[in-house]
Structure formats: structure tokens, C-alpha cells
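Biologist: I am new to this structure. Please show it to me, and then let us take it piece by piece.

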Amino acid sequence: MKGCPEMTHACGPVGDEDRLRLDLLRDGLGRSLFAGNIVYQETLDSTNDIAKEMALQGAPEGTLVLTDEQRAGRGRRGRSWLSPGRSNLLFSVLLRPVLDPDRVFVLTMILALAAVDALKKIAGLPTMIKWPNDLYVGHKKLAGILTEFSTRERALEYVILGLGLNVNWYPDDGTQVSGLATSVLAETGARISRSRLLLEILRGFENSLLKVLKGEIDGFYRKWNEISLIIGRQVVIEAEREKIYGKAIRIDEGGALIVQDKEGKQERIISGDVSVRWGEEE
Ligand code: BTN
């Protein structure tokens, strides 16, 4: 089917028009921080890796690395991120924020929140956030963020935020863990413009970033906790060497998860994979 304009709501079947529209992205971004240095390659290993190389070579803040297909997409904890070509959003942004390194998590948080808002606006799809870096629809993962940074003398040298978001793809096509992953298409039955979704995410993210840099952070923590999949639920966290059971209480200012055991003792978890123990809510 022809005539699937990039900037409209839902599109027809995949065709040539399904490519990322850099012209529309540039126009839409206007004078945005992310308009100045857009790097697109049809295929590459990992947008985070390219962004990191560029950061080390002095690339400016706001550099956006974008692709239609990754040969070696990476997830957290050494995992791979699989995505077929021309279907999903795969990008990284490079930031050089003046921010306490202990507060880097807020950047992951505002990118996730920007994606939640954009998905609601463009696709009408409500999503939830699963600590520390995932977007979920029900029990299925829709997107993940990989945040990597470097410090020098206790200051942030660069931060790279990479987002992988399943858009126009049926995850049960055999290329990924079927049953555990989902996409906008699988949830809504509609193909949407990846370029428009990306534009909306970047706009929202930039607005939030400006607030964060002015120290306006509390509202984001509140919203993050409100749309969290795990807060108030019984969870199990697979940390480095142990499994921790308890009730997820909140995410603190450092991005750690506060969990409370049956005796009421609270523990601060810095990293791990968390699952909800469905059916055991209190
Ligand atoms: C996770 O869920 O563990 C995070 C997944 C992050 C995947 C994205 S895709 C774009 C960017 N480049 C990568 O290699 N990884 C991130």
C-alpha cells in the first residue's frame, strides 16, 4: 500500500516509506540540541558504541546516533539487543551535562518518561516503567535503555543514553524471546511513523533535560514512581550474588530501589533484574 505519510498517525504495511525520514526529523527538531549533529548509518554494530567513540573524539553534546539495524546491539548486563531492520527505534544520544555523577540515573528516568509520553501521544499506548530502565506493556517488554558514562575528577565527561524501542515488528516472529517482548504494532495493530515517534521523544526529553539542569528533579521522581510497574508490589531482585525478596517501596534520588522485607527492614538495591511476583501482592 502506498501513501503512508511519515507524519500521520497510523500507517499501512511496510514499504519504502517505512525508512527513517531524516529530512522530517531535521525539520521537526529545528533548533533543538539534537539537531546539530545527527549521525545516521543504515546498519552499524551498536549506536552506543559509535556514540562512545565519538564522545572520546570530542563530539558535541546533543550528538544523535541513529540506525535502522544493529549487528551487535547491546543491552544491560552483557545481554544482546535484537531487532530486525527498518522496524524499530534504535538510537543513542550523547550528553555532557553538568550534573553530580551520583545523579546520572535521572537522565535514564527522563528519557523513559519522554518515551512513555510520546507513545501515549503518537500511538495511544499506555506503558509502565520497570526499574531500572525498561518500558513495559502488561507483562511484556517494549523498550530498554542502556546508559553508559565516564567521569573525570568526579565530573561527568560524557553520558550516552541508548534506547531500543520495538515499533513496527511482531516480536514472536522467531527473532527474539517470544512471549516476553512486545511492540507498538503488536499492542495496537497499527504501524506508526518511527520518525514522528523519535521526534516526540527527543522533544520531550530535551524539555525535561533543561529542567533537570536547573535542579527541577522532584516532579520526575514522583512521576516515575507513579507509573512504575513494581512499586507497591512483591518483587524478587536478581542481584550480583543473591536473590532479594520483598516489597518495592520507591526509587530514591540516586536511582536505587528501596525494598522492604516481611520484618519491615528496608534495603537499598543499586542494580539487578527485578520481577514482580504476580499473585503475591499485599
Ligand atoms: C536493556 O534492556 O538491557 C537495554 C537495551 C538497550 C538497547 C539500545 S538499542 C540502541 C542502543 N545501542 C545499543 O547497543 N543498545 C542500545
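Biologist: Is Asp 252 buried or exposed?

Modeller: Asp 252 has a relative accessible area of 8%. Buried means under 20%, exposed over 50% and partly exposed in between, with a 1.4 Å probe and protein chains only. So Asp 252 counts as buried.

Biologist: What kind of model is this?

Modeller: This is a predicted model, where local features need pLDDT of at least 70, side-chain atom pairs count only at pLDDT 80 or more, and totals for chains, interfaces and linings use all residues. Residues are numbered from 1 along each chain as its sequence is written, and side-chain values use heavy atoms, with hydrogens and water left out.

Biologist: Which backbone nitrogen does the side chain of Asp 252 reach?

Modeller: Asp 252 sits in the loop between strand S11 (243–251) and strand S12 (257–260). Strands are DSSP runs of E, at least two residues; helices are runs of H or I, at least four; both are numbered from the N terminus. At 2.9 Å, the side chain of Asp 252 reaches the backbone nitrogen of Gly 254.

Biologist: Which residues does Asp 252 touch, leaving out those up to four places away in sequence?

Modeller: Contact means heavy atoms within 4.5 Å. Not counting residues up to four places away in sequence, Asp 252 touches Tyr 221, Ile 258 and Arg 268.

Biologist: How do the rings of Phe 105 and Trp 224 pair: stacked, tilted or edge-to-face?

Modeller: The structure holds two aromatic pairs. Rings of Phe, Tyr and Trp (its six-membered ring) pair if their centres lie within 6.5 Å; planes under 30 degrees apart are stacked, over 60 edge-to-face, the rest tilted. Phe 105 and Trp 224 lie 5.4 Å centre to centre with 85° between the planes, which makes the pair edge-to-face.

Biologist: How many residues apart are Phe 105 and Trp 224?

Modeller: Phe 105 is buried at 13% relative accessible area, and Trp 224 is buried at 1%. Phe 105 is in helix H3 and Trp 224 in helix H6 (residues 218–226). The pair links distant parts of the chain, 119 residues apart.

Biologist: Which element gives the largest share of the lining of the second largest pocket?

Modeller: The second largest pocket has a volume of about 530 Å³. Among the 20 residues lining this pocket, those closest to its centre include Phe 105 and Phe 149. Helix H3 (105–123) and S7 each give two or more lining residues. The largest share, four residues, comes from S7.

Key:
1 Å grid on protein atoms, 1.4 Å probe; cavity = no way out; pocket = protein on both sides within 12 Å on 5 of 7 lines; lining within 4 Å. Points joined across faces, edges and corners; volume = space filled by probe spheres on them. Polar contact = N/O pair within 3.5 Å; in protein donor to acceptor, adjacent residues only side chain to side chain.
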